[in-house]
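Dear colleague,

I am passing on the structure we spoke about, and below it you will find my notes on what was found in it. Please read them with the model open beside you.

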Amino acid sequence: MTRLPDAEAVLAAFARTPGDVAAARRVARQFSDLDEGERSALLWSEDAGARLVAVLLLVQAMRERPDPELTDEYLSAAKAERFDDTVLVDLGAEELVGAPLVGASTGPLYALVKSDVAMVRRIAVVATLAFAKRGDAEVPLGIAGRLVRERSDTVQSALGWVLRETGKRASEDALVAFLERQGRFLTPAARVTATEHLPAAERDRLRG
């Protein structure tokens, strides 16, 4: 009888790799048939590598068959402060949280903005990449407007990245207008990132 893979097998496989994101992707593909209970064990593990593989397994599952329970599983771990590395947000938020809301109510994103957990607020920002990549600047800039005064680098670094992508993929004019109104509230590093794709004169002006 063939033994089904379990969380320990995943950890053993990951331990034999360099431990980076590329390796975690390979392990996640190898164990794509891992059952939900074992995946949950990885997500809630104390092991950082386990959580990384678990997030990638959730993304794989969402791609294969979109399911709101996958979003809930991801957000439950984030809200419980199981995410101590921004990579867990950056690899999962767009597809697990943002993409399911495209064409639907964005109320859940604005609810995440109000979280006491910085990683959850970062999820709200990064999730809006799903909108920016479809040419929608309104949602990313709306979320950014709620968080632009945030001092946490966890959030500010995401704001810089997402604002840049919004300008590149959705509307440069809308980004420039946003930065003229609220750019002064961004940290200098976030402002640099947000403007790095703009023409030199515009970039220098907005960086002040």
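In this predicted model, helix α4 (residues 48–64) and helix α5 (residues 68–79) have axes that come within 9 Å and cross at roughly 165°, and α4 and α5 are therefore roughly antiparallel to each other, since angles over 145 degrees count as such. The crossing of α4 and α5 is left-handed. On the α4 side the contact is made by V55, L58, A61 and M62, and on the α5 side by L70, T71, E73 and Y74. Sorted by class, the residues in this contact of α4 with α5 are six nonpolar, one polar and one charged.

A second pair of helices may be set beside this one. The axes of α14 and α15 come within 10 Å and cross at roughly 160°, so that α14 and α15 are likewise roughly antiparallel to each other, although here α14 passes α15 in a right-handed crossing. The residues that make the contact are R191, V192 and T195 of α14, together with R203, L206 and R207 of α15. By class, the contact of α14 with α15 divides into two nonpolar, one polar and three charged residues.

Helix α14 (residues 188–195) also shows a clear division between its faces, with A190, R191, A194 and T195 buried. These four cover an arc of only 120° around the axis, which puts them on the same side of α14. Behind this is a general point, namely that an α-helix has 3.6 residues a turn, so residues three or four places apart point the same way. The face of α14 turned away from its buried side carries the exposed residues P188 and A189. Among the elements that cover the buried residues of α14 are α12 (153–169), α13 (172–182) and α15 (200–207).

Lastly, a residue from another part of the chain: R29 lies in helix α2 (residues 21–30), and because its relative accessibility is 54%, R29 counts as exposed. The C-alpha atoms of R29 and L56 are separated by 8.7 Å, while the two residues are 27 residues apart along the chain.

Methods
Residues numbered from 1 in each chain as written. Predicted model: local features only at pLDDT ≥ 70, side-chain atom pairs only at ≥ 80, totals over all residues. Heavy atoms only, no water. Buried < 20%, exposed > 50% of the residue type's maximum accessible area, 1.4 Å probe, protein only. Helix = DSSP H or I, 4+ residues; strand = E, 2+ residues; numbered from the N terminus. Arc of directions from axis to C-beta. Contact = heavy atoms within 4.5 Å. Axes fitted to C-alpha atoms, helices over the stretch in contact; angles between N-to-C directions. Parallel < 35°, antiparallel > 145°, perpendicular 65-115°, else oblique. Left-handed = near helix turned anticlockwise from the far one by under 90°. Nonpolar A, V, L, I, M, F, W, Y, C, P; charged D, E, K, R; others polar.
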